[in-house]
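I opened the model to look up its strands, helices, core and cavity. My notes follow the sequence and structure.

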Amino acid sequence: MSVATDPITTPVAPSIDPGTDLGTVRLTVSDVSRSRSFYEQALGLIASDRDDGSLVLGAGGGQPLIELRGDSSAPPLNRRLTGLYHLAILVPTRLDLALAMARLAESQWPLDGASDHLVSEALYLSDPDGNGIEIYRDRPREEWRRNAGQLEMATLPLDLNGLVRELSQAERFQVHAPAGTRIGHVHLQVADLAEAEAFYSGVLGFDVVVRGYPGALFVSAGGYHHHIGLNTWHSAGSRPPSPAAVGLRSFEIALPSDEALDAVLARVRAAGIAVAAHGSGSLIRDPSGNGVLLRAR
């Protein structure tokens, strides 16, 4: 679909460093052993136990993609509240996406959907607790189309037959997600889009790349199609879930240098937003209560 360009008034901040990307997504789950089996077998991630009881999952020796904390007493995920819509795992190639689909079929894990977004091709599913997951591959940037200065994105049916044909190039079944797999973006449920834009663009400095998608907003660093998606499809006017509930604990925004991090933190503090030290980063919350961990790589 073509995007509209109706303006929303929001404070103007310097753009966040173009080298910014995303890091680990932290989740609460109700049964960490069950979740471990899902993430290892259906997604091909490699699990490691930490001394604090958490479980981290990665691919090819890179930075952890996902951190899980188990709590059998955690209230279940409520998709009508703010929080995670989905985390998005970016694989390097279209063949890797086809192999990811084959891995899901082998583990008999169902898809929730499959879409062509013009800039990317994506598979959608949910983990055992209902946390949304996207697995996707990007089309080359030179193939991305623009209309009236904004990026064109859409939700079209994915060519699943074409994706299956990619498997003819595979030498073997891919047990593990390949090196280079990473968190490409997160998509959040928020209570109010204008408030979310004022925070993610007006304070943190992400650029708005798509505004006209009904009920949603997409922002990025460095011209990417989006690092953060924001929507009110099920959560308009909603409150945050209990901090102890199943779902998103926080996600990382990784800046390329201490200087880039300090520039963002200066704007955060100037906006009166509370900052808490958390491990190697600084934890803040967006207006809908979603945890954002800012750190330097």
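**Entry 1: one end of a sheet**

I started at a strand pair and found that Arg285 has Gly291 in β19 as its bridge partner. Strands here are DSSP runs of E of at least two residues, helices are runs of H or I of at least four residues, and both are numbered from the N terminus. I noted that this is a predicted model, where local features need pLDDT of at least 70, side-chain atom pairs count only at pLDDT 80 or more, and totals for chains, interfaces and linings use all residues. Residues are numbered from 1 along each chain as its sequence is written, and side-chain values use heavy atoms, with hydrogens and water left out.

How many bridges pair β18 with β19? I found 4 bridges, in the antiparallel sense. Two strands count as paired if DSSP finds at least two bridges between them. The hairpin of β18 and β19 has 5 residues between the strands, and Gly289 there takes a positive phi near 85°.

I then stepped to β17. It is joined to β18 (residues 281-285) by 3 bridges, and the two run antiparallel. Ala277 stands opposite Ser282 in β18, and His278 has Gly281 as its bridge partner. Their hairpin has 2 residues between the strands, with Gly279 at a positive phi near 60°.

Is β18 enclosed or open? It is largely enclosed by the rest of the structure, because 4 of its 5 residues are buried. Buried means under 20% relative accessible area, exposed means over 50%, and partly exposed lies in between (1.4 Å probe, protein chains only).

**Entry 2**

I traced an open sheet of 8 strands, in the order β2-β3-β4-β1-β16-β19-β18-β17, with mixed pairing. The edges are β2 (46-49) and β17 (276-278); each has a single partner strand, so one side of each is left without a neighbour in the sheet. The twist averages 25° from one strand to the next. Helix α5 (residues 258-270) packs on this sheet, touching β16 (247-255), β18 and β19 (291-296), and its direction makes about 145° with that of β19. Contact means heavy atoms within 4.5 Å. Axes are lines fitted to C-alpha atoms, for helices over the stretch in contact, and angles run from 0 to 180 degrees between N-to-C directions.

**Entry 3: a second sheet**

I found 9 strands in another open sheet, ordered β11-β6-β7-β8-β5-β12-β15-β14-β13, again with mixed pairing. Its edge strands, β11 (156-157) and β13 (207-210), each pair on one side only. Strands β7 (residues 120-126) and β8 (residues 132-138) pair antiparallel over 7 bridges. Helix α2 packs on the sheet, touching β7 and β8.

**Entry 4: the core**

Which residues touch the most other members of the largest nonpolar core? Among its 62 residues, they are Tyr200, Phe251 and Ile253. Such a core is a set of buried Ala, Val, Leu, Ile, Met, Phe, Trp, Tyr and Cys residues joined through side-chain atoms within 4.5 Å. Beyond four places in sequence, the contacts of Phe251 include Leu22, Tyr200 and Gly291.

**Entry 5: the cavity**

I found 1 cavity of 30 Å³ or more. A cavity is a set of points on a 1 Å grid over the protein atoms alone where a 1.4 Å probe fits but cannot get out; lining residues have an atom within 4 Å of a point.

How values were computed. On a 1 Å grid over the protein atoms alone, a cavity is a set of points where a 1.4 Å probe fits but cannot get out, and a pocket is an open set with protein on both sides within 12 Å along at least five of seven lines; lining residues have an atom within 4 Å of a point. Grid points are joined across faces, edges and corners, and a volume is the space filled by probe spheres set on the points.
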